[in-house]
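Reader: I would like to learn how to read confidence, helix packing and a chain contact in a model. Please take them in turn.

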Amino acid sequence: MNTTAQLIPARLRSGDMARVASVGLRTRRLRAALSALGIAIGVAAIVAVLGLSSSSQAGLLAEINQLGTNLLTVTNGQTFTGQAASLPLTAPAMIARITPVTKVADTGEVSTANVYRSSLIPSINTNALDVQAASLNLLPAVGTTIDQGSYLNAATATEPAVVLGAAAAQRLGIDRVYRGERVWLGGMWFYVTGILKPALLAPEIDDSALIGYPAARKYLDYSSTAANGTTTNGPPTTIYIRAQNNQVNAVDNVLANTADPESPTDVNVSQPSAALTARADAQGAFNGLFLGLGTVALLVGAVGVANIMIISVLERRSEIGLRRALGATRGQIRAQFLSEAILLALLGGAVGVVVGAIATTVYAHTKHWAVVIPTEAWAGGIASAILIGATAGLLPAIRAARLSPTDALITV
Amino acid sequence: MSTPDTSPTTTLAETDRTSRDGWAGANGARPAVLELHEVTKTYGTQPPVPALRGVSLTVCQGELVAIVGPSGSGKTTLLHIIGTLDLPTTGTVRIDGIDIAGLDDRELAALRARSIGFVFQQFFLAEHQTVLDNVADGLLYAGVDVRERRELAAQALDAVGLADRQHARPTTISGGQRQRIAIARALVGAPAIVLADEPTGNLDSVTGVQILELLQELNKRGATIIVITHDTDIASRMRRQVHTRDGLIVSDTASPPEPASASSTTEDLP
């Protein structure tokens, strides 16, 4: 005698399950493609946004690394009473004696002088440019090079000669260096000998017109009185220090005391590359808007998938009825439509990841960045597609499973 | 279509029915594969519409039965209940010896997968699949692996005379051949009962006759077949005829062992 214990529905084998789940996609390809498109656009947007921001971040970090993260700067701070402190004249020489320090250069801001394109420019139009006295070894220390002409040398440093930072040259309207090119600086003509490339780690150099310390003393009265009473070059206001990479922190710790042993609290010490790295890391915060748009596209795509699945269930009533008559359980019908929805969304998600990755690659190449597509971008894209498919397919699948076999088999 | 009529080469139905330790019928000779006892079915609540009003019917293994009646006689409801697609309001239904009362959806599905084959008026073939795969799908939910399904499907197609159309698409062949495919799909699992709902309803009369001949041939080879129809001409070709009207069985040519002649009666016409 047969018993009910034998009535256990057979499980669909995985191959059969895959075949059954893909019936709708195989038979209605255009419709499947269009409804997967919404998901694809959303996932592509998210992957591209995350990929582009990571790639640009990687590009910036690579640039910073190339310039070196071992640059430290010492600037004059404020005294206890709130006045501008000045660094001791001997500060650069003392810092150079710290063993792991490899390069020391310094600039002194000549706050009394301004630079103009010519003597006819009203004095108020300063272009926010500074005049700085600069040591001769400045360029390798700040990590930039000369773009045109030549930098100051021992000879030109004593003469009315000026080297312009990249931004300064642009604002003064000087794009090339030629013999006799001059600017009106501190009430007299200075001859332009060179223009610098941008200095990423020391942007204050970009905004400056650089002259020699001796010239500053001679023509602009930028001087100080030495201990023995003689007049000498003006004090440095910024000291650029390169240290051995593994000793940067150690040097950082002793810099203030070394630069101004008398009042180390009047000295500001900073590491420009650290600030830049922090800025690069914070860049991701600007992506919120685009991620939001991608999410909206995903939601619209989800609605599309749900819509198509509901229509599919209505259209395929007789197929559902036949499958029930062939012995499919409610659960198997539910699983069929749910996995069809997931498959549809997964297809869209996969296309979206590929499109997003291609977009990132193309853009990163034009910008010469390394292509970085974070794992959370593509894995998240695929995972959200699966989640969306499951959510969007759940209701239609439940409706399909609830359809009674007799209702499903009624045609017309 | 004029295909050469089925050449009986396969062992489709003989293979397993004999070994089944089914519920023995009253006579003990052949086990009953279907027993309905005082089955009623009422749809709706206000007002309740009775579709079946107490139907008792026993079909033994190897029978060929026509359930015939005008529309509204309850034969479609009877089909649904015999096919376990619907449950009776009262009364008991035994399929292949199993009382379906108290079975849940999963158990009913398993019972359908194992014991019942359906042939529908509209064929319900999947157009994107080959003929062979359509037939093989008859075993999709029976836990048979795909290679074996295709082997059995090839045998079933052979039995209905379509061995040479295995790789055709259903859209490219005639209605009569499509119905043969549907019959092959119903037979592929060698079910205890084959239920054919108006199997000739969508076919012209010549093709319809060929389908009936095929059903008779398959019955001779051992399949238990129940044909539901409104057409008394079709019913008259069957060995046993059960007439229904207004939710009741009004005559059954086999219920008492009287050898009543199977001449069609005019009283059943609507």
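Author: What follows is a short walk through those topics for this predicted model.

Reader: What is the mean pLDDT of chain A, and where is confidence lowest and highest?

Author: Where pLDDT is low, the predicted coordinates should not be read in detail. In chain A the mean is 89, with 97% of the residues at 70 or more. Confidence in chain A is lowest in helix H10(A), residues 272-282, with a mean of 75, and highest in strand E6(A), residues 161-164, at 96.

Reader: How do the axes of H11(A) and H14(A) cross?

Author: The axes of H11(A) (residues 288-315) and H14(A) (residues 375-402) come within 9 Å and cross at roughly 30°. Angles under 35 degrees count as roughly parallel, so H11(A) is roughly parallel to H14(A). The crossing of the two helices is right-handed.

Reader: Which residues of H11(A) and H14(A) meet?

Author: From H11(A) they include Leu298(A), Gly301(A), Val305(A) and Met309(A); from H14(A), Ile388(A), Gly389(A), Leu395(A) and Arg399(A) are among them. By class, the residues of this contact are 12 nonpolar, 5 polar and 1 charged.

Reader: How many residues does each chain give to the contact between chain A and chain B?

Author: The size of an interface is often given as the accessible area lost when the parts come together. Here the description is by residues: 29 come from chain B and 25 from chain A. On the side of chain B, helix H3(B), residues 105-115, gives the most, with 8 residues. That side of chain B has 14 nonpolar, 7 polar and 8 charged residues.

How values were computed. Residues numbered from 1 in each chain as written. Chains lettered and ligands numbered in written order. Predicted model: local features only at pLDDT ≥ 70, side-chain atom pairs only at ≥ 80, totals over all residues. Axes fitted to C-alpha atoms, helices over the stretch in contact; angles between N-to-C directions. Helix = DSSP H or I, 4+ residues; strand = E, 2+ residues; numbered from the N terminus. Parallel < 35°, antiparallel > 145°, perpendicular 65-115°, else oblique. Left-handed = near helix turned anticlockwise from the far one by under 90°. Contact = placed C-beta atoms within 7 Å. Nonpolar A, V, L, I, M, F, W, Y, C, P; charged D, E, K, R; others polar. pLDDT = per-residue confidence, 0-100.
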